[in-house]
Amino acid sequence: MTDYRQAQTLMLYDLIEKSNPGFKVSYPVGSVVFGVPADLAINPNDPYKNDTTVRVTPAPNTTGIGVVSVNYRRVNLATLFRGVTPKLTDWYISTSMPATVWIPLFVAKYGLSLTAADVAGLGGITSTGSVNVVTKPECLCYKGTVNLAWTRGVRPMADIFTDANRALTGRLYPGGNDFTTPGRKPQGEFLAFCQDASSIGSILEGVSLTGQSYAPTDPMVIALVDFLLANTSRTDWAARSAATGSGGISNLSWFRYVLPNAAIPEANSAKYNRCIVITSQAASWFSGKIIIHYKV
Amino acid sequence: MLQYPSLDSLLYYVNLANATSYSLTDLLVSKPQVVEGSWHEQVTLKNTVVRLSAAPGSPYKGNKQVVYDRLNLANLAGLKGFQVLAYQIPDVHGLIPAIANYTGLHFSTADLNNVPLVDNGDGNLKAVLTAHPDSIAWVGSVELIVKPGGVPLDSAVVEPNLPGLNYPTANDTDTFGAVYLYGYDFTTYFSDVSMIAPGVLSSGNADKLVTALKALDISSGAALWTNTDGATAWNLKGASVVSNGLNSSSLPTNQSYKYVMALNLAAGVITPAGTMYLHYNDPFDPNAT
């Protein structure tokens with residue numbers, strides 16, 4: 001049985017070697033050039049039913065000499081695929097798959113060695129459609145036509161995950177994973193996350209939903225400082241500007257969120273339906289966001 | 001015409017010098033003799049004498065001696081572009097056709113001593129061409145480097161009528177089993193397919209394969225697969241598993257799959273024809289990392 005998976009020149013090389021043992025020794029693969037095959041009238045007495053002849057010459061810059069023509073039979077796609085319905089079910093980004101895509105998929109699925117240079121027309125296939133695969137007359141080992149259908153398949157996961165190392169980046173603690181950096185500021189996310197400020201929830205409900213800075217004298221600032229002093233281990237919470245000293249939480253943007261909220265996924269909690277987010281600035285004594293949860 | 005075979009070359013110059021048209025059948029040529037400086041008390045610059053005799057049956061009689069030059073093989077080494085390529089030639093006489101191909105010099109086996117070619121140590125062979133003392137046209141000796149290559153294509157391909165390309169079975173009108181199932185993936189049926197051992201299919205296993213085939217097949221046999229007595233097409237009754245296991249590049253199979261089962265339908269079941277290959281991989285394990 002012919003190995004249709006081989007490159008067509010190799011198929012013909014093997015065929016010549018089969019009848020002419022030693023041919024590959026005198027003419028290693030690549031040392032001859034096959035011309036354009038021509039149709040040959042089948043001799044009824046020919047047991048091989050050869051229908052093609054091709055001229056064989058030495059490749060340029062090789063040591064071979066002379067010329068010879070060999071007769072053989074090209075594989076007719078219609079005969080090879082008798083009874084078979086060739087069909088692709090691969091995903092493609094568009095509903096029209098170009099020949100540069102379907103030809104490699106077709107030859108891989110059905111074990112052939114056709115290339116774009118062997119196929120006439122090079123039309124695309126529309127999803128749920130089909131195309132006639134028509135071999136060119138100059139195709140070395142194939143001839144004839146077969147119809148190829150395509151039903152657009154689902155997108156493979158591998159097509160989406162395109163990073164060669166399949167590595168996900170950015171999964172870090174707030175502020176990064178290097179806690180040894182000299183001068184690293186306290187991370188706001190860890191300062192009060194676990195505290196339940198529901199006792200002052202009615203006061204915190206006055207915080208803007210769209211972000212606002214509050215002065216040290218604002219009752220909401222004072223109430224929150226008192227709450228934090230009473231409920232956290234930190235002792236320097238103060239109603240002063242965050243830029244003037246450690247523990248200050250005023251003069252920063254305060255946001256109020258109704259939870260759950262996609263805008264602040266790190267604050268979402270099954271226990272609470274509100275939070276206040278105080279966002280640091282460059283001059284602040286802390287980094288990131290202080291998140292105060294409460295329930296109303 | 002020094003390229004001619006030795007006797008033809010000598011005859012050419014005889015006819016040229018005498019405006020004659022002798023042919024090889026008209027003359028007999030003696031063994032050549034060396035002459036130096038003079039011959040029959042006449043000064044000569046030629047190096048060889050032969051006696052030409054009328055051949056029996058020719059329209060001539062008598063004989064004549066002629067002097068001429070046999071050429072020294074050593075001078076070949078000085079000819080620019082002189083090279084000989086050949087593959088697997090054992091000796092000097094075997095090299096004669098290649099020398100003719102590459103230089104046009106038609107030596108005969110009578111012209112050259114036959115000695116083996118020797119390895120030159122650089123991938124080439126070395127040939128020592130030494131003129132036989134009785135050579136009509138040549139004297140002396142020369143060493144030639146014979147590079148590999150240069151087999152005339154019509155020598156390498158003596159049988160131009162090639163037995164192929166072929167289809168998977170001998171009958172061109174078959175539906176070929178090897179092609180029919182090439183594109184199908186039986187991984188979904190791993191637990192059924194992988195457990196089937198070589199040998200004739202049990203009825204239960206045939207039923208399992210029929211189920212799998214009916215589910216996957218979209219071609220002409222899609223609805224026709226069966227496991228019944230007597231059906232001559234699409235019938236797994238009595239089919240034999242030739243092999244079932246790891247795929248191999250030596251098989252005419254789809255190398256996208258790790259495993260393959262080779263299945264021959266029972267004698268008398270003619271469609272699909274030939275060996276069918278059912279390809280499958282390990283089943284997907286969503287917890288494997």
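At 1% relative accessibility, A:Leu80 counts as buried, where buried means under 20% relative accessible area, exposed over 50% and partly exposed in between, with a 1.4 Å probe and protein chains only. Before I go on, this is a predicted model, in which local features need pLDDT of at least 70 and side-chain atom pairs count only at pLDDT 80 or more, while totals for chains, interfaces and linings use all residues. Residues are numbered from 1 along each chain as its sequence is written, chains are lettered from A and ligands numbered from 1 in the order in which they are written, and side-chain values use heavy atoms, with hydrogens and water left out.

To return to A:Leu80, this residue sits in helix H3 (residues 77-80) of chain A, helices (H or I, at least four residues) and strands (E, at least two) being DSSP runs numbered from the N terminus. Leaving aside residues up to four places away in sequence, A:Leu80 touches A:Tyr4, A:Val75, A:Leu112, B:Tyr167, B:Pro168, B:Phe176 and B:Val179, and contact here means heavy atoms within 4.5 Å. From A:Leu80 to A:Trp254, 174 residues along the chain, the C-alpha separation is 74 Å.

Let me turn to the domains, whose bounds come from an automatic or database domain assignment. Chain A has domain 1 (8-73), domain 2 (78-150) and domain 3 (188-294). The C-alpha centres of domains 1 and 2 of chain A lie 26 Å apart, and 11 residues of domain 1 of chain A are in contact with 10 residues of domain 2 of chain A. Chain B is divided into domain 1 (6-69), domain 2 (73-152) and domain 3 (177-280), and between the C-alpha centres of its domains 1 and 3 the distance is 81 Å.

Where in chain B does the largest pocket lie? Both domain 1 (6-69) and domain 2 (73-152) of chain B give residues to its lining, so the pocket lies between them. Its volume is about 630 Å³, and of the 27 lining residues, B:Leu10, B:Tyr13, B:Val14, B:Val66 and B:Tyr68 are the closest to its centre. On a 1 Å grid over the protein atoms alone, a pocket is an open set of points with protein on both sides within 12 Å along at least five of seven lines, a cavity is a set of points where a 1.4 Å probe fits but cannot get out, and lining residues have an atom within 4 Å of a point. Grid points are joined across faces, edges and corners, and a volume is the space filled by probe spheres set on the points. Helix H1 of chain B supplies the largest share of this lining, seven residues.

The second largest pocket holds about 370 Å³ of space, and its lining draws on both chains, including A:Leu88, A:Asp90, A:Lys109, B:Asp185 and B:Tyr257. The largest share of that lining, three residues, comes from H4 of chain A.

As for cavities, a search of the whole structure finds one of 30 Å³ or more. The largest cavity has a volume of about 100 Å³, and of its 14 lining residues, A:Met1, A:Tyr4, A:Tyr110, A:Gly111 and B:Tyr182 lie nearest its centre.

I will finish with B:Leu129, found in strand E10 (residues 125-130) of chain B and, at 0% relative accessibility, counted as buried. Among the residues that B:Leu129 touches are B:Val92 and B:Ile99, both of which are also buried residues of helix H2 (residues 92-103) of chain B. The buried residues of that helix pack against strand E8 (84-85), E10 and strand E12 (141-147) of chain B, and the helix is followed by B:Gly104, whose phi is positive, near 80°.
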